[in-house]
Amino acid sequence: MKLIDFIKLILKHKVILVFVPLLIGSLAILLTSNPNHKYYSQTMLFTGLASGSSIDMDKSFNYFASNIAFDNLLNIINSRETQEEVAVRLLSQHLLLDGPDDRFISSKNYNELKNEIPQDIYKYVVRSSKTNSENTSPYDHDNGGVKSLLESIDKIDYEQTVSNLMALMNSDNVNFVYSLLNFEHPVYSLETISKVKSIRISNSDLVKISYEADDPGICQQTLAIFNEVCIRKYKDLKENGSDAVVKYFESQLEKSQKNLTAIEERLLKFNQDNSIINYYEQSKAVAIVKEELEVEYSNKRADLAGSEASTRKLEQKLKIQELIQNKNDQILKNKKRLGDLQYKIVMMEAKSLESEERLNNLNSLKKEASNLEEEIESSVSQLYSFQNSVEGVPIKKVLPQWVDQVVETEDLKAKLNVMDTRNKKFEEKYANYAPAGANLKRIEREINVAEEEYLEILHGLNLAKLKYQDTQLSSNLKAVDPPYYPLKPMPSKRKLIIIAVLLVSFIMLLGVILVMEFFDNTLKNIDIAECKLNIPAMGMLAKLFKTNGQIDLISIQDRLMELSMQNLNHTLKKQKSVNKPMVITIFSMQKDEGKTVIANNIARKLEQSGKTVLFLNHTNIEKQKNNTTKHSLLHKLLGYQDPRNDYNHPFLKASIKESDGIDVTAYNVDKTFYNVKTFEDLNGSMPKKSNQVPDFVIIELPNILEVNYPADLMLNSDIALLVCRSNRLWSKADESLLNNVKELTPSKLQFIINGVELNEVEALVGELVKQRSKFRKRIKNILRLQFYSESHI
């Protein structure tokens with residue numbers, strides 16, 4: 001669709017496109033005549049999440065972490081739990097009021113609340129009978145800067161009332177408070193509270209919270225309560241998380257400290273049990289002393305070995321002394337025995353008795369005494385030889401040396417015995433120190449691990465406390481712009497709504513018109529008809545409606561008829577034969593297509609051009625009916641063209657008569673009709689005026705959807721002309737029947753489309769002559785991009 005076509009379509013429906021939106025707009029004006037005024041208030045919270053101070057000096061800015069923190073804050077503001085608490089606090093505030101106060105609630109809303117609240121709810125409302133300076137102080141929002149309760153209301157009563165109503169709401173889902181919050185209450189419902197909007201202002205640290213309500217006091221107090229609840233919840237959430245981490249590290253630090261203390265007590269007991277002051281120094285000293293003792297012990301053993309060797313040598317020398325002593329003893333014994341024997345001999349000799357036995361005894365004694373004397377002499381000789389050593393040293397000089405050597409040897413042995421005792425003690429001590437080192441190392445390693453664990457937990461605790469302090473700083477939200485009390489309602493959106501209604505209705509109506517135009521499946525104009533019929537067009541004729549003299553339809557229709565006759569003559573010249581009339585068969589698919597009127601006008605045009613014409617029509621032709629339909633009021637109101645046909649138009653005048661100079665003959669549609677081959681076979685019809693052959697024979701056939709057409713007659717025709725209305729749909733039946741006709745007359749078949757709208761006629765005759773202002777002509781040329789169309793060459 002071209003722009004000019006679009007403008008024409010709008011101009012065609014201009015009245016309905018203007019009238020309907022105005023009607024709907026008037027309805028919108030009536031419906032919004034008593035608007036519900038809204039009051040607006042806002043508050044701003046400073047978060048410090050992006051640029052706030054921090055204890056951690058090395059903390060770097062993290063864009064994503066900052067966005068996440070803001071999202072958390074906004075989600076807390078918009079959470080259901082927050083909205084529930086705000087609604088309950090607002091309800092508690094209003095229930096504690098003694099009467100309506102415009103600072104908190106208007107008289108209208110207060111009275112409605114009193115009528116809605118059941119009496120059993122008031123038992124949850126706490127009112128203190130005592131009032132003093134401490135309990136009756138105004139309850140200020142710490143961060144909102146607005147008094148949310150009257151000075152006569154106790155803060156403790158308010159908090160207790162909120163707690164009672166919250167408990168009642170959470171008790172079940174059928175209580176009044178739960179229903180009040182979850183149904184569509186205009187003040188306390190969650191749906192209403194959720195209309196509080198919270199946004200981050202650009203990339204700053206500020207969060208703006210805004211609200212619209214029909215009560216200025218409720219609007220302000222809702223935001224004030226929102227400030228209080230959001231700040232507290234955000235602070236609790238941040239601090240509880242950090243505080244849990246601190247408590248965790250404190251508990252782990254206590255366990256680690258107990259573990260470290262227990263291991264240190266084990267080390268202390270181990271040192272006490274093993275008499276260890278400094279194991280490494282002590283073990284080093286013991287090793288040194290043990291080494292020195294071993295060296296000294298070895299030296300003493302060597303000295304002892306030398307002393308014992310010297311002693312043995314001296315003793316070997318001193319063994320003669322023993323022999324001397326033995327010899328002296330033996331000599332003494334022998335001397336004593338010899339004295340006894342001599343005494344016995346003397347005694348026996350002194351006796352007078354001489355007997356053999358006495359003699360034998362005496363002889364034996366003497367012999368024994370003699371032997372003793374010899375033995376004594378021998379012993380005395382040996383004793384003399386023993387008095388001097390082999391080396392010639394006197395025995396008396398060797399003896400002191402031997403004594404000294406024996407004393408020294410015994411001294412060394414005593415020392416070695418003492419050293420052996422010391423060695424045993426050192427061995428015992430060394431045996432204790434060897435495993436003690438491993439145990440001590442294990443205990444010290446456990447202490448090191450415990451100390452590292454303790455220090456690491458202590459470090460984590462310090463970081464957690466630092467984070468906790470940092471969280472306290474970052475969670476300390478401040479209301480830099482407390483909610484204000486709106487004195488004037490918001491500007492009404494009534495004008496905007498009315499304009500929107502006008503625009504939407506206009507756009508929807510225009511859309512419906514465009515859709516109808518787009519889905520219009522009628523033949524409509526010559527181009528669409530050629531596409532649907534797939535046969536060449538001879539011409540088109542306009543719809544002849546009553547114009548009230550605004551448009552010269554006579555000249556337009558004459559021009560269209562002349563163009564059609566020109567195309568007809570052009571086609572017939574290709575098939576002209578000598579002494580043979582040109583046969584034009586005119587037919588239509590349905591009745592009331594206008595083929596009779598078109599056939600009459602073709603016959604008149606031919607006759608006016610000096611041709612003889614024979615017009616054959618069927619006897620059961622319907623008489624032309626005058627359209628008596630009145631111009632409906634709706635068409636007048638909507639500005640549409642008069643739909644009635646103008647039967648005073650020359651094109652629609654009565655049927656042809658013989659006075660018009662045209663031979664008119666009627667034929668019967670009977671059994672023989674279907675078998676006719678030429679026009680002569682139609683009741684033997686011939687011209688009445690003369691016996692000459694006519695130049696043209698126009699045959700009007702009945703509508704072929706109801707009456708079968710003579711195929712031979714159609715085949716022998718010079719041209720078959722199909723007449724169809726522009727406002728009709730082309731059906732499958734029409735297409736099937738037309739395909740049969742195409743097979744008979746593939747090159748002779750053409751069509752004329754009848755009753756075309758005037759705006760479609762311009763495709764053939766050019767711009768229609770109308771009375772237009774210069775402004776309208778200029779606008780039309782602009783829309784058609786024809787800026788110099790009026791300039792002459």
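Helices (H or I, at least four residues) and strands (E, at least two) are counted here as DSSP runs, numbered from the N terminus. By that count, the protein chain of this predicted model has 21 helices and 11 strands. Of its 793 residues, 38% are buried. Here is a friendly tour of a few places to look at, from the whole chain down to single side chains.

**The chain as a whole**

- The protein chain exposes about 47000 Å², and carbon and sulfur atoms supply 54% of that area.
- Among contacts with a separation of 6 or more, 81% are between residues 24 or more positions apart.
- The structure holds 15 salt bridges, and several of them are described below.

- Is Thr 82 buried or exposed? Its relative accessible area is 1%, and the cut-off for buried is under 20%, so Thr 82 is buried.
- Leaving aside residues up to four places away in sequence, Thr 82 touches Ile 76, Ile 77, Phe 226, Val 229, Cys 230 and Lys 233.
- Lys 233, one of those contacts of Thr 82, also forms a salt bridge with Glu 85, with a distance of 3.4 Å from N to O.
- Lys 233 belongs to helix H9 (residues 216-273) and Glu 85 to helix H4, so this pair ties together parts that are 148 residues apart in sequence.
- Both partners, Lys 233 and Glu 85, are buried.

**Salt bridges elsewhere, and a network**

- Side chains of opposite charge can pair when their charged atoms come close.
- Glu 254 and Lys 258 form a salt bridge whose closest N and O atoms are 3.6 Å apart.
- Both of these residues, Glu 254 and Lys 258, lie in helix H9, four residues apart, which is about one turn of the helix.
- Glu 254 has a relative accessible area of 44% and is partly exposed, whereas Lys 258, at 55%, is exposed.
- The relative accessibility of Arg 103 is 48%, so Arg 103 counts as partly exposed.

**A loop residue under cover**

- Val 125 sits in the loop between helix H5 (107-116) and helix H6 (155-171).
- With a relative accessible area of 11%, Val 125 is buried.
- Its contacts, not counting residues up to four places away in sequence, are Leu 95, Leu 96 and Thr 161.
- Val 125 and Asn 164 are 39 residues apart in sequence, while their C-alpha atoms are 7.6 Å apart in space.

**Strand S5 and its partner**

- Strand S5 (residues 537-542) is mostly covered, with six of its six residues buried.
- S5 runs parallel to strand S11 (residues 749-756), and four bridges join the two.
- Where in S11 is the bridge partner of Ala 542? That partner is Val 756.
- In a regular strand the side chains alternate between the two faces of the sheet.

**Helix H16**

- Helix H16 (residues 595-608) has 14 residues, and at 1.5 Å a residue it should span 20 Å.
- The end C-alpha atoms of H16 are 20 Å apart, which agrees with that expectation.
- H16 is mostly covered, since 10 of its 14 residues are buried.
- The buried residues of H16 include Lys 595, Asn 600, Asn 601 and Arg 604, along with Val 597, Ile 598, Ala 599, Ile 602, Ala 603 and Leu 606.
- Just after H16, Gly 610 takes a positive phi of about 90°.

- Leu 27, Leu 30 and Leu 31 make a nonpolar surface patch of about 360 Å².
- Leu 31, one of the residues in this patch, lies in helix H2 (residues 14-31).
- The relative accessibility of Leu 31 is 67%, and the cut-off for exposed is over 50%, so Leu 31 counts as exposed.

Note on methods. Residues are numbered from 1 along each chain as its sequence is written. This is a predicted model: local features need pLDDT of at least 70, side-chain atom pairs count only at pLDDT 80 or more; totals for chains, interfaces and linings use all residues. Side-chain values use heavy atoms; hydrogens and water are left out. Patches are made of residues with over 30% relative accessible area and no salt bridge: like charges are joined within 9 Å, nonpolar side chains (Val, Leu, Ile, Met, Phe, Trp, Tyr) within 5 Å. Accessible areas come from the Shrake-Rupley method with a 1.4 Å probe; for residues, only the protein chains shown count as cover. A salt bridge is a side-chain nitrogen of Lys or Arg within 4 Å of a carboxyl oxygen of Asp or Glu. Buried means under 20% relative accessible area, exposed over 50%, partly exposed in between (1.4 Å probe, protein chains only). The expected span of a helix is 1.5 Å times one less than its number of residues. Contact means heavy atoms within 4.5 Å. Two strands pair if DSSP finds at least two bridges between them.
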